[in-house]
Amino acid sequence: MTLGVNIDHIATLRQARAINEPNPLEAIFIIKNAGAHQITMHLREDRRHIQDDDVRAVISAAPLPVNVECALDSHIIELLCALKPNRITLVPEKREEVTTEGGLNLEKNFANIKNTLAEFHKHNIATSLFIEPNEMMIESAKELGAGAIELHTGKYANIFLMQTTNLSRTNASIAELELPQEELKSLLDSEILLLQNAAKKATTLNLACFAGHGLNANNLEPIVRIKEISELNIGHSIIARAVFVGLERAIKDILEQLPTP
């Protein structure tokens with residue numbers, strides 16, 4: 001199992017002051033030295049963190065493969081086809097959201113996604129679709145011609161958080177998950193089973209299977225036991241932990257939990 005480190009929130013800190021530090025470019029060499037396997041970044045339509053110049057600089061200098069996440073935005077797609085990252089992962093995006101919540105609706109955007117994936121393949125760029133752990137969506141991903149899927153683990157992470165911490169009636173609580181412990185445990189087991197079945201389904205269709213969103217050192221164990229998942233993409237928790245222990249140590253804390261080939 002490999003690790004992609006998402007550097008978006010290094011840029012978030014920079015954009016908070018609209019200055020030039022910290023520079024996400026500096027992180028890519030630390031990520032390599034720490035033993036991670038990929039640089040991941042999300043070029044959003046609203047440019048709230050990563051900027052076009054960040055993508056250019058990272059793709060040009062990165063000592064590791066670069067995976068760029070983006071929405072179905074024609075200007076961003078044109079830019080990325082010119083820059084040619086190793087992989088492009090299509091994700092849903094809403095201006096009002098704090099972070100990407102939920103997977104891409106493949107049925108609603110079928111024709112647009114199919115044409116976009118074909119354009120990426122024409123430029124020899126590997127492709128992935130960020131989707132819910134839903135077997136019908138995985139079948140659609142195969143039909144669309146994607147090379148891989150990335151399973152959205154946000155719901156799993158939220159249930160895990162509520163089930164293992166006392167967040168009820170706080171600002172961090174999730175209203176629909178303010179449930180008795182036994183119900184949360186049942187929901188958690190169900191979500192893990194969905195992820196397991198989705199990963200197996202992807203493998204039977206010869207789709208590479210990745211996972212990401214909300215993952216951290218505390219909730220990784222059930223995910224890394226799913227042998228069909230070959231890659232994790234983790235960002236916010238690594239950057240948050242790096243404030244206290246440094247980026248290299250924060251990455252190694254995750255890597256130490258991953259199964260080795």
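Q: Against which elements do the buried residues of H7 pack?
A: In this predicted model, the buried residues of H7 pack against strand E6 (148-152), against H8 and against H9. The buried residues in question are Gly154, Tyr156, Ala157, Ile159, Phe160, Met162 and Gln163.

Q: Why is Tyr156 called buried?
A: Tyr156 has a relative accessibility of 0%, and the word buried is used for values under 20%, so Tyr156 counts as buried.

Q: Why does Phe160 count as buried at 16% relative accessibility?
A: The cut-off for buried is under 20%; the value for Phe160 is 16%, and therefore Phe160 is counted as buried.

Q: What makes Tyr156 and Phe160 an aromatic pair, and why is the pair called tilted?
A: Two such rings pair if their centres lie within 6.5 Å, and the centres of Tyr156 and Phe160 are 6.0 Å apart. Planes under 30 degrees apart would count as stacked and planes over 60 as edge-to-face; the angle here is 50°, so the pair of Tyr156 and Phe160 is tilted. The structure holds one aromatic pair, and its two members both lie in helix H7 (residues 154-164), four residues apart, which is about one turn of the helix.

Q: What makes the contact between Lys185 and Asp189 a salt bridge?
A: The rule asks for a side-chain nitrogen of Lys or Arg within 4 Å of a carboxyl oxygen of Asp or Glu. The side chains of Lys185 and Asp189 meet at 2.9 Å, N to O, so they form a salt bridge. Both residues lie in helix H8, four residues apart, about one turn of the helix.

Q: Why are Lys185 and Asp189 called partly exposed?
A: Partly exposed covers the range between buried, under 20%, and exposed, over 50%. Lys185 has a relative accessible area of 38%, so it is partly exposed, and Asp189, with 39%, is therefore partly exposed too.

Q: How do you know that Asp46 and Arg44 form a salt bridge, and is each residue buried or partly exposed?
A: The N to O distance between the side chains of Asp46 and Arg44 is 3.4 Å, and the limit is 4 Å, so the contact qualifies as a salt bridge. Asp46 has 25% relative accessibility and so counts as partly exposed, whereas Arg44, with a relative accessible area of 2%, is buried.

Q: Which other residues take part in salt bridges, and how many salt bridges are there by this rule?
A: Among them are Arg225 and Glu221, whose closest N and O atoms are 3.2 Å apart; both of these residues are exposed. Arg241, Arg249, Asp253 and Glu256 are linked in a network of salt bridges. By this rule the count comes to 16 salt bridges.

Q: What is said of the phi of Asn124, and why is Asn124 called exposed?
A: Asn124 has a positive phi of about 60° although it is not a glycine. Asn124 lies in the loop between H5 and strand E5 (126-131), and because its relative accessible area is 70%, Asn124 is exposed.

Q: What makes the peptide bond from Glu21 to Pro22 cis?
A: The bond from Glu21 to Pro22 has omega near 0° and is cis. Pro22 lies in the loop between helix H1 (8-17) and helix H2 (24-34).

Q: How many residues does the largest nonpolar core have, and where does its largest share come from?
A: The largest nonpolar core has 75 residues, and Leu3 is one of those with the most contacts inside it. Helix H8 (residues 181-204) contributes the largest share of this core, seven residues.

Key:
Residues numbered from 1 in each chain as written. Predicted model: local features only at pLDDT ≥ 70, side-chain atom pairs only at ≥ 80, totals over all residues. Heavy atoms only, no water. Buried < 20%, exposed > 50% of the residue type's maximum accessible area, 1.4 Å probe, protein only. Core = buried A, V, L, I, M, F, W, Y, C linked by side-chain atoms within 4.5 Å. Contact = heavy atoms within 4.5 Å.
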